[in-house]
Amino acid sequence: MAALQQTPITFQSRSPPSTQITAKFNPLKPLNLSFSGGFSSLKIPNLTVKLSGKGGGAAGAKMADSAAGSYASALAEVAKSNGTLEATSADMDKIDKLFSDPQVYKFFVNPTIDLEKKRKVIDDIVSTSSLQPHTANFVNILIDMKRIELVKEIVKEFEVVYNKLTDTELAIVTSVVKLESQHLAQIAKGVQKLTGAKNVRIKTVIDPSLVAGFTIRYGKDGSKLIDMSVKKQLEDIAAQLDIGDVQLAV
């Protein structure tokens, strides 16, 4: 695995210059990485402190979005420069899955927990997965700069940057049951034909309320929808007959 060169990265937000953040991605110590790809052995200490929510309203949310986008762009720049953009994208999927666990997220955003304990957990994550060294280092930077609470937003913003860099269209396919790979491949080809994108990335969601069939959401911010679900057909029939919601006997 190639070592990451020490690269100064400037995180330029949309805020005034006084809020500009500068950080460096420093090379990590040699790491022994396993390729199990999971976090099953990860142990998070029990939390005994309740966290109080942060305020800020719409202005605070906008600043957080701006910061998350800046961090995501910086990470993508590093990954692109050392030829690990695809691997880093896979890393972000793993991080997204990890921080989707409420216990893990609360542990890392808890300000009363020592930074060294958090770094130790990151080391455990690296030892049980194939995270790129610069990805692990990036998470440590977020911890050191007390911005780890942005990690979920950074994952989303990184996906946006990645899709732009690789001309990839994201399509979210929602169905009642898991679709076969050949069906997903057909959907991907259809979305590619509609959008003209070089690549199509499929994400799947299970939603029993659709009754049967599936939906495809794509475009900027998921603005376009193809609805081939039985639920939609029933709603259309109900609208035509002006009988309101259709109740199904199960």
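**Chain organisation and the setting of helix H4**

Among contacts in the chain between residues at least 6 apart in sequence, 69% join residues at least 24 apart, where contact means heavy atoms within 4.5 Å. The structure is a predicted model, in which local features need a pLDDT of at least 70 and side-chain atom pairs count only at pLDDT 80 or more, whereas totals for chains, interfaces and linings use all residues. Residues are numbered from 1 along each chain as its sequence is written, and side-chain values use heavy atoms, with hydrogens and water left out.

The secondary structure of the chain consists of eight helices and six strands. Here helices (H or I, at least four residues) and strands (E, at least two) are DSSP runs, numbered from the N terminus. Along the sequence these elements follow the pattern β-β-α-α-α-α-α-α-β-α-β-β-β-α. Of the 250 residues of the chain, 37% count as buried; buried means under 20% relative accessible area, exposed over 50%, and partly exposed in between (1.4 Å probe, protein chains only). The chain exposes about 15,300 Å², of which carbon and sulfur atoms supply 54%. Accessible areas come from the Shrake-Rupley method with a 1.4 Å probe, and for residues only the protein chains shown count as cover.

Confidence is expressed as pLDDT, the predictor's confidence in each residue, from 0 to 100. The chain averages a pLDDT of 75, and 70% of the residues score at least 70. Confidence is highest in helix H6 (residues 151–166), at a mean of 94, and lowest in strand S1 (residues 7–11), at 32. Over residues 1–55 pLDDT stays under 50, and for this segment the model has 99 contacts beyond four places in sequence. Where pLDDT is low, the predicted coordinates should not be read in detail.

Helix H4 (residues 115–127) has 13 residues and reaches 18 Å from its first C-alpha to its last. This span is close to the 18 Å expected at 1.5 Å a residue, the expected span being 1.5 Å times one less than the number of residues. Lys118, Val121, Ile122, Ile125 and Val126 are buried in H4. Seen down the helix axis, the buried residues of H4 fall within an arc of 145 degrees, so they line one face of the helix; the arc is that of the directions from the axis to the C-beta atoms. The cover over these buried residues includes helix H2 (85–99), helix H3 (102–109) and helix H5 (133–144). At the N-terminal end, aspartate 114 caps H4, with a side-chain oxygen 2.9 Å from the backbone nitrogen of glutamate 116.

Individual residues in two of the covering helices were also examined. Asparagine 140, found in helix H5, is buried, with a relative accessible area of 10%. Leaving aside neighbours within four places in sequence, asparagine 140 is in contact with Arg119 and Ile122. Lysine 94, in helix H2, is likewise buried, at a relative accessible area of 17%. The C-alpha atoms of lysine 94 and serine 130 are separated by 9.5 Å, although the two residues are 36 residues apart along the chain.

Terms used. A polar contact is a pair of N or O atoms within 3.5 Å; within protein, one must be able to donate a hydrogen and the other to accept it, and residues adjacent in sequence count only if both atoms are side-chain atoms.
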